[in-house]
Amino acid sequence: MVHDGLTCTFEQDGHRVILDMPRAIGGSDEGPTPGFFARAGICGCLAIGIKMTGARENVALDSVTVGIEQDWDNRGVLGMDGASPVPSDTRIRIEISSSESEEKIGDVVTRALNSDPWFLAYRDAQPVRTAISVIEKVL
């Protein structure tokens, strides 16, 4: 929920996070940007999913680190003509520490990616529907 300014509070299942934008574009810098949480979410989901898949298949993975890099034109987020807000390129880096063979680890990663809902939502186009409700302000 956003009231004054751009600071947003998101609550779900007893957890609460604060999102905001940098001062340079009108925020108060009270929390990380929504993009930070999106990148953290996909990296965390992938790392956990890969580790869980390895455990389920008895493939020992000592550690899994996932990083993401993206290229985009920041003018698109501001709605400026001729600039898209969609990243022009996304690169996901997966680093795994393990004594298992590279082939076995590659198979685990492939299966994990093919069943990871957030990776697939990020990678594949899908229908998205929105519903808008306007609550009349009583003066």
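Tutor: Helices α1 and α3 (117-123) each supply at least two residues of the lining of the second largest pocket, and the largest share, six residues, comes from α1, which spans residues 34-56; helices here are DSSP runs (H or I) of at least four residues, numbered from the N terminus. This is a predicted model, in which local features need pLDDT of at least 70 and side-chain atom pairs count only at pLDDT 80 or more, while totals for chains, interfaces and linings use all residues. Residues are numbered from 1 along each chain as its sequence is written, and side-chain values use heavy atoms, with hydrogens and water left out.

A pocket is an open set of points on a 1 Å grid over the protein atoms alone, where a 1.4 Å probe fits, with protein on both sides within 12 Å along at least five of seven lines, and its lining residues have an atom within 4 Å of a point. The second largest pocket has a volume of about 350 Å³, and its lining consists of Val 17, Pro 34, Phe 37, Ala 38, Gly 41, Ile 42, Cys 45, Trp 118 and Tyr 122.

Phe 37 counts as partly exposed because its relative accessibility is 28%, between the limits of 20% and 50% set for a 1.4 Å probe and protein chains only.

Methods. Grid points are joined across faces, edges and corners, and a volume is the space filled by probe spheres set on the points.
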